[in-house]
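Subject: Structure handover

Hello,

I am passing on the structure we spoke about. Please look through it first; my notes on what was found in it follow below.

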Amino acid sequence: MSELLVFRAPRIEAEIRVPGDKSMSHRAVLLSAISNGTCVIHGFLPSEDCQCTVNAMRAFGIAIDQPAETTLVIHGQRGNFQPPNQTIDCGNSGTLMRLLSGLAATQPFETKLSGDASLSSRPMRRIIEPLTQMGASIQATEPKGTAPLVIRGGHLRPIRYELPVASAQIKSAILFASLKAPGKTVVVEPLATRDHTERMMSYFLVRSQREKVPQGFAISLYGDQVPESRDFTVPGDISSAAFWLVAAAAQEDSNLLVRDIGLNQTRTGILSVLLRMGARVREVIEDCDQVEPRGEVQIQGGRLRGTIIEGAEVPNVIDEIPILAVAGALAQGKTVIRDAKELRVKETDRLAAIAANLTAMGVEVVELDDGLEIYGGAPLLGARLKSYGDHRIAMAFAIAGMFADNETVIEDADCIATSYPGFDEQLEKFLAPDENPPTPVINPAEALEKN
Ligand code: S3P
């Protein structure tokens with residue numbers, strides 16, 4: 001298992017791009033595969049997680065060419081899959097296992113889904129329950145209701161389902177299944193979660209509707225719709241950019257421009273949090289024509305102050321909490337994260353992992369049942385830290401290492417490849433930058449106009 005060695009970094013002055021968005025890459029492959037023709041996907045994230053999605057679709061008999069690492073040509077078969085002749089390996093990806101369960105539920109044969117040790121410990125009853133109500137049969141490994149899953153589907157009926165937790169993965173599993181359930185399916189989410197599935201379905205000409213209801217937001221979709229084949233360009237992943245955004249925000253006189261990232265409002269909570277903490281943030285939406293807003297973010301660092309992250313903001317920053325906890329440790333005063341119990345069932349128990357690693361770096365932290373209290377501002381001490389096999393823990397603490405006295409070693413850092421191939425090369429550039437980097441500037445007229 002490889003280790004990542006990090007030491008104190010100079011201030012950041014750079015323009016960067018990050019690899020394609022993970023959530024959109026998964027969805028682009030799945031929607032193309034069930035569309036009525038050939039789709040070309042550009043900017044695909046060639047990470048282990050998303051490559052599992054490509055392999056899964058191939059196992060269902062979908063022809064996919066990959067002329068370049070980030071380009072896929074997918075030949076959609078209108079949602080008619082071949083029975084796979086082996087168990088489909090979802091690797092480390094909760095998104096894949098849950099969304100794929102929704103698709104497998106539409107097929108009149110048996111599909112077996114498995115995952116690595118982390119994925120095999122994550123809760124699956126949350127998708128088994130609604131998909132069973134729709135008429136699929138799903139067996140999990142009891143008593144905990146975890147993978148491997150055995151799914152037999154076909155002949156689905158529409159349901160109205162109120163999500164017990166605000167989860168885009170559960171919402172999306174039901175929406176994918178509902179495409180083959182004649183009639184109106186309604187999913188109610190208590191808080192807004194990322195809406196890539198709805199946006200991409202609408203780009204593929206699948207009609208759905210979203211409305212505010214007393215319980216939250218209701219998304220309605222009529223079944224018997226076949227997505228119209230489309231080409232799609234995936235923007236950079238704001239959740240990957242988040243690591244560098246925090247590294248720049250927490251360092252006085254840093255100036256970072258991230259080009260071509262997704263700026264969907266259900267994902268940009270990190271920018272609001274960093275603004276609140278005292279960073280200077282400029283966001284320019286350049287393009288919305290493929291339904292997903294995309295553009296540039298410039299961040300200038302300063303002295304950060306603690307903040308509170310809770311309630312409706314949590315689903316928006318759900319994947320950024322490890323790096324925001326590091327920002328809290330680098331800020332003056334107390335940062336409180338609440339209503340984030342979902343972090344206990346991510347790739348690892350992220351609340352426990354963050355608390356353990358911050359403590360090892362000399363930060364005072366209190367682990368709450370559903371969050372953390374972080375007392376920031378003390379110097380960080382370099383340490384030997386575990387990744388807990390979790391890509392976002394590994395990357396968040398690599399950034400912490402950029403601010404620490406002495407060396408920091410992140411153990412078992414290979415997991416970073418699940419979401420951010422090339423993270424280590426980018427880190428190297430920040431640790432030992434060019435002597436005279438260009439000053440990154442967003443065209444000010446454009447920023448003023450569009451902010
Ligand atoms: C994702 C949704 C989130 C997020 C995950 C990706 C998605 O999970 O944490 O990394 O692509 O739908 P939940 O929906 O379970 O919160």
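Strands here are DSSP runs of E with at least two residues, and they are numbered from the N terminus. The model is a predicted one.

Backbone

In that numbering, Arg 78 lies in the loop that runs between β5 (71–75) and β6 (88–89). Arg 78 is not a glycine, yet its phi is positive, at about 55°. Most residues other than glycine have a negative phi, and most peptide bonds are trans.

Two peptide bonds to proline are worth a look as well. The bond from Glu 142 to Pro 143 is cis, with omega near 10°. Pro 143 belongs to the loop between β8 (137–141) and β9 (146–152). The bond from Ala 147 to Pro 148 is also cis, and its omega is near 0°. Pro 148 is in strand β9 itself.

Where does the ligand sit? The ligand is in the largest pocket. Two elements each give two or more residues to the shell around the ligand: α1 (22–33) and α5 (168–178).

Which residues surround the ligand? They are Ser 23, Arg 27, Thr 95, Ser 167, Ala 168, Gln 169, Arg 194, Ile 318, Asp 319 and Lys 346. By type, the shell divides into four charged, four polar and two nonpolar residues. Domain 1 (3–20 + 236–446) and domain 2 (22–221) each supply at least three residues of the shell.

- Asp 319: an N or O atom of its side chain is 2.6 Å from an oxygen atom of the ligand.
- Lys 346: a polar atom of its side chain is 2.7 Å from an oxygen atom of the ligand.
- Gln 169: a polar backbone atom is 2.9 Å from an oxygen atom of the ligand.

On its own, the ligand has 380 Å² of accessible area, and the protein covers 95% of that.

Regards

Definitions and conventions. Residues numbered from 1 in each chain as written. Predicted model: local features only at pLDDT ≥ 70, side-chain atom pairs only at ≥ 80, totals over all residues. Heavy atoms only, no water. Near = heavy atom within 4 Å. Polar contact = N/O pair within 3.5 Å; in protein donor to acceptor, adjacent residues only side chain to side chain. Areas by Shrake-Rupley, 256 points an atom, 1.4 Å probe, with all protein chains shown as cover. 1 Å grid on protein atoms, 1.4 Å probe; cavity = no way out; pocket = protein on both sides within 12 Å on 5 of 7 lines; lining within 4 Å. Sits in = over half its atoms within 2 Å of the grid points. Helix = DSSP H or I, 4+ residues; strand = E, 2+ residues; numbered from the N terminus. Nonpolar A, V, L, I, M, F, W, Y, C, P; charged D, E, K, R; others polar. Domains from an automatic or database assignment.
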